[in-house]
2 protein chains.
Amino acid sequence: MNPTNDPALRSFIPVSADSHFPIQNLPYGVFSVRGEDNPRVGVAIGDWVLDVSLLEARGFFDSTSLRGKGVFASPSLNRFMATGRQAWTEVRTRISELLREDEPTLRDDESLRKESLIPMDRVELRMPVEIGDYTDFYSSREHATNVGTMFRGKENALMPNYLWIPVGYHGRASSVVLSGTDLHRPVGQSKADDADSPKCGPSRLVDFELEMGFFVGAGNDLGHSIPVDSASDHIFGMTLVNDWSARDIQKWEYVPLGPFLSKSFGTSISPWVVTLEALSPFRCAGPEQDPKPLPYLHRDGDQSYDIQLEVSLQGESMSDAQVISRSNFKHLYWSMQQQIAHHTINGCNTRTGDMMASGTISGPTPDSYGSMLELSWRGEKPISFPHGEERKFIQDGDRITMTGWCQGDGYRVGFGEVTGRILPAQ
Amino acid sequence: MNPTNDPALRSFIPVSADSHFPIQNLPYGVFSVRGEDNPRVGVAIGDWVLDVSLLEARGFFDSTSLRGKGVFASPSLNRFMATGRQAWTEVRTRISELLREDEPTLRDDESLRKESLIPMDRVELRMPVEIGDYTDFYSSREHATNVGTMFRGKENALMPNYLWIPVGYHGRASSVVLSGTDLHRPVGQSKADDADSPKCGPSRLVDFELEMGFFVGAGNDLGHSIPVDSASDHIFGMTLVNDWSARDIQKWEYVPLGPFLSKSFGTSISPWVVTLEALSPFRCAGPEQDPKPLPYLHRDGDQSYDIQLEVSLQGESMSDAQVISRSNFKHLYWSMQQQIAHHTINGCNTRTGDMMASGTISGPTPDSYGSMLELSWRGEKPISFPHGEERKFIQDGDRITMTGWCQGDGYRVGFGEVTGRILPAQ
């Protein structure tokens, strides 16, 4: 079941080829054993959670920079994230070593194994990160073009700044929730084109946005920008993000200061944070950038990652979820490193735990669009489901699930999923 | 020196008539004695800081809801703010009692007085609040009209949504700094109207924005909105806010998602948080609202506060600061209660410590505009200073100071000041 004969790439824990969590991944999360309330840091391995707070307490990380720090017995990853890249690398190496097929320390210690490895179905996952500020970018050229075409016509689809600036805006951190949290359809103002005045009521155009986000590990001080070439050192890892949106509220409110209540009713993230190190074998080129970015945004080499993404929808009366979009992170025009360099060029400080999301990830073909707005083209092309059901936007009771993974040779480095339902308005 | 013969309105501590901190005010802040590093909560009274953490430890608040809670021995007001309005009222009543001219408990206990009252010039003030999310509104109709007129002409000055929605956007919390913090001129992209492409360099159009902000005391849960009639219970108190802005960066970046780096290089706040209770004698009507707001925004009675505001500028070579704007909080079109009701109508949760700012407070006359952009009308009408100096926007070394107070009969309930300089770009 394991991909190679290199024992460093095989764990003594059996992991299937389609699992998202082989030894090549080792994503971090925060968990509590069901019925207990003692949240701490864990690492996913196959269908198990490795309790790294217990390993830390027993001294298994004393050979690393964590020695004496006690970062894992904590209800968020922030303390570990703040330790910086060198510590992250040392700890990953150590965990990888402890889980190797040919390493007896944990493998042959039944008591330690029982204590430190907990079946995934016995744990409750928590918000992995205490988020400071949340920034949402708009880095898919295809998404910006699609939305611009719908609202301003093909000729004026992309704003003049789009190919120069990794456009982004401040989001709402308080309403970022964990996968599995259901959200009520938001209430708000909207105005019909032919109406004299707006009305306040439940949004009729609730949508998802397929995004990915990353968390800032070590931040930067106010007044000091982060060069694009060292931006990777500030990225701890990535998650899936569903940036729920209410299109009718958005249309009426967003001029001139941008989206506000159309976004802040909830943003869902997946529970496992996949590190940049786990993703590094899947680096790839992003789209060619023309015009050439200004020097502070210019960087040579592969800037993106080949991460396959899928969105599915399941209505209350549907027996199965149906995939409605297949996209890929590599389609994004602007890279995470460019986003950070831009975000801090004015001296803006970032802090451990800040979340930055990509913006909707739409691919070049209609089946790869990352929102209902685009998939149904503003409702003009409803999406068909078995038994004659259709969707233009999200209906009450619909569940949206997003998943993503990098495909290796016989293994996957995956993100698990982010899922949630839209409940009726309150 | 005191306004009335009511001993409840006189303290045994001498307070001059133009002090911002008489017994009627009692604003909260966080301080440390110079040379020490033990930040805790204090209350300003005249030229003194009352160490309420010490009083709490000695049991002076045991008659209130704070009993056993220990909220003041903390480096932020958040723990106290989270206790809610009833506790705030009880504590204010108790502090007021302890400081009364005719109350011997503190007045006649020399040892306790020496321990608990520290001269203002011996303390260092800290950030009063740990801010979660920062939201910036745009609630001055005059400001929105002025900016709209400059950029779109008089006919299209106000956006169609303006008189229906308390327009706002998510701001950057990480770069909110305390009064006295100097900021470097931000670097960023801007594009001249006649240029083919943008350039990256120091902003040429750095500006201030005269605003006021409030802090959320007790928040609300995700999915539950706050009715406009109970919104006041969620407001702990107010400060002065300078929302520094880079107009050239803003112009190029803000379409379609709103201001981002043009704001996030720094936002300055004053150190003392003035409670709504201290401000209540100064409630007054705001502007008439026509059209009538939708029901969720409608509230009878006085919605605003009569708070006089002043902005001064002092260049490096100027011997004195010169007042360049005189405005008033009461000019704002949308009230704080309406801002909260709108912010949460979609179910967005707020948390203790969230900051919401008003947007630039411009009055109806040119000398009451709340930004250089408006005062100099985009640079067309430079502001004159003694010895022939002029300003269109802020130059390196310029200090901007804002102050504000409510004028009572022989006393002032004031905010102190928020001050800061713009240093050269790094």
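This is a predicted model: local features need pLDDT of at least 70, side-chain atom pairs count only at pLDDT 80 or more; totals for chains, interfaces and linings use all residues.
Glu110(B) is partly exposed, with a relative accessible area of 48%. An α-helix has 3.6 residues a turn, so residues three or four places apart point the same way.

Stay in chain B and select Asp62(B) and Arg67(B). Their side chains form another salt bridge, with N and O 3.8 Å apart. Is Asp62(B) buried, partly exposed or exposed? At 35% relative accessibility, Asp62(B) counts as partly exposed. Arg67(B), at 57%, counts as exposed.

Next, select residues 141-152 of chain B, which make up helix α6. This helix has twelve residues and spans 15 Å from its first C-alpha to its last, close to the 16 Å expected at 1.5 Å a residue. Colour its buried residues: His143(B), Ala144(B), Asn146(B), Val147(B), Gly148(B) and Met150(B). Then step past the end of α6(B) to Gly153(B), whose phi is positive, near 90 degrees.

Move on to helix α9 of chain B, residues 336-344. How many of its nine residues are buried? Nine of the nine are, so the helix is largely enclosed by the rest of the structure. From one end to the other they are Met336(B), Gln337(B), Gln338(B), Gln339(B), Ile340(B), Ala341(B), His342(B), His343(B) and Thr344(B).

**Where the chains meet**

Now display chain A and chain B together. The contact involves 55 residues of chain A and 55 residues of chain B. The size of an interface is often given as the accessible area lost when the parts come together. Here the area buried between chain A and chain B is about 5,400 Å², and carbon and sulfur atoms give 62% of it.

The largest share, three residues, comes from β7(A). By class, this side of chain A has 30 nonpolar, 19 polar and six charged residues.

Side chains of opposite charge can pair when their charged atoms come close. How many salt bridges cross the interface of chain A and chain B? There are four. Over all chains, the count comes to 54.

Select Asp133(A) and Arg172(B), whose side chains meet in a salt bridge with N and O 3.5 Å apart. Asp133(A) lies in the loop between β5 (123-126) and β6 of chain A, and Arg172(B) in the loop between β7 (168-170) and β8 (176-178) of chain B, so the pair joins two chains. Asp133(A) is buried, with a relative accessible area of 4%. Arg172(B) is buried too, at 3% relative accessibility.

Select Asp207(A), Glu209(A), Asp243(A), Arg247(A) and Lys263(A). These residues are linked in a network of salt bridges.

Finish at Cys406(A), in strand β25 of chain A, residues 399-407. Cys406(A) is buried, at a relative accessible area of 0%. What does Cys406(A) touch, leaving aside its neighbours within four places in sequence? The contacts are Leu279(A), Phe282(A), Asp306(A), Ile307(A), Tyr411(A), Arg412(A) and Val413(A). To end, draw a distance from the C-alpha atom of Cys406(A) to that of Asn25(A): the two are 381 residues apart along the chain and separated by 10.0 Å.

How values were computed. Residues are numbered from 1 along each chain as its sequence is written. Chains are lettered from A and ligands numbered from 1 in the order in which they are written. Side-chain values use heavy atoms; hydrogens and water are left out. Contact means heavy atoms within 4.5 Å. Buried area is the accessible area (1.4 Å probe) that two parts lose on being put together, summed over both. Helices (H or I, at least four residues) and strands (E, at least two) are DSSP runs, numbered from the N terminus. Ala, Val, Leu, Ile, Met, Phe, Trp, Tyr, Cys and Pro count as nonpolar, Asp, Glu, Lys and Arg as charged, and the others, Gly among them, as polar. Buried means under 20% relative accessible area, exposed over 50%, partly exposed in between (1.4 Å probe, protein chains only). The expected span of a helix is 1.5 Å times one less than its number of residues.
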